[in-house]
Amino acid sequence: MLHENRNQHTIKIVGVPEKSPEETAWDTSDLCVALFKEMGAEINIHDIDTVQRTARGRDSDGPRPIMCKFVRRLARESVISAQQQTCNVNPVKIGFSEDTDVSKISICNYDEDSQEMTKGPLCTQ
């Protein structure tokens with residue numbers, strides 16, 4: 001049961017541009033908080049346990065995905081419930097230039113055991 005709860009706190013975010021090749025964990029955390037707030041989710045830095053960019057897939061040339069693990073399930077649910085708002089994100093408000101393409105941002109549940117995104121209503125792809 002405890003093992004199952006661990007998976008309930010993690011999401012995978014794809015399509016978020018990288019600010020720089022030297023993007024630190026702090027930079028990625030701040031980026032995620034700004035993104036979540038811009039989507040309308042009530043999230044702050046203390047709601048996040050860990051954030052990291054992962055390796056690109058073999059067939060991917062886009063930005064590296066972000067794995068975000070929350071401290072509380074309710075924080076994760078706040079982001080999941082606002083995920084439909086990713087299409088309304090203003091790139092300037094999350095630290096990018098106005099012409100940055102953020103239309104491909106997608107937030108999905110992530111199962112740490114199978115290392116796959118959950119397909120269906122929780123995925124905005």
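Predicted model: local features only at pLDDT ≥ 70, side-chain atom pairs only at ≥ 80, totals over all residues.
Overall, the chain averages a pLDDT of 83, with 78% of its residues at 70 or more.

- Residues 119-125 have pLDDT below 50, yet the stretch still has 22 contacts in the model beyond near neighbours in sequence.

**Salt bridges between separate parts of the chain**
- The model has five salt bridges, among them Arg 53 with Glu 23, whose closest N and O atoms sit 2.7 Å apart.
- Arg 53 is in strand β2 (residues 48-53) and Glu 23 is in the loop between β1 (10-14) and α2, so this pair ties together parts 30 residues apart in sequence.
- Arg 53 and Glu 23 are both buried.
- Arg 72 pairs with Asp 47, with 2.9 Å between the closest N and O atoms.
- That pair also links distant parts of the chain, 25 residues apart: Arg 72 comes from the loop between β3 (66-70) and α3 (73-82), and Asp 47 from the loop between α2 and β2.

- Arg 73 and Glu 77 join their side chains in a salt bridge, 2.8 Å from N to O.
- Both residues belong to helix α3, four residues apart, or about one turn of the helix.
- Arg 73 is partly exposed, at 38% relative accessible area, and Glu 77 is partly exposed too, at 34%.

How values were computed
Residues numbered from 1 in each chain as written. Heavy atoms only, no water. pLDDT = per-residue confidence, 0-100. Contact = heavy atoms within 4.5 Å. Salt bridge = Lys/Arg side-chain N within 4 Å of Asp/Glu carboxyl O. Helix = DSSP H or I, 4+ residues; strand = E, 2+ residues; numbered from the N terminus. Buried < 20%, exposed > 50% of the residue type's maximum accessible area, 1.4 Å probe, protein only.
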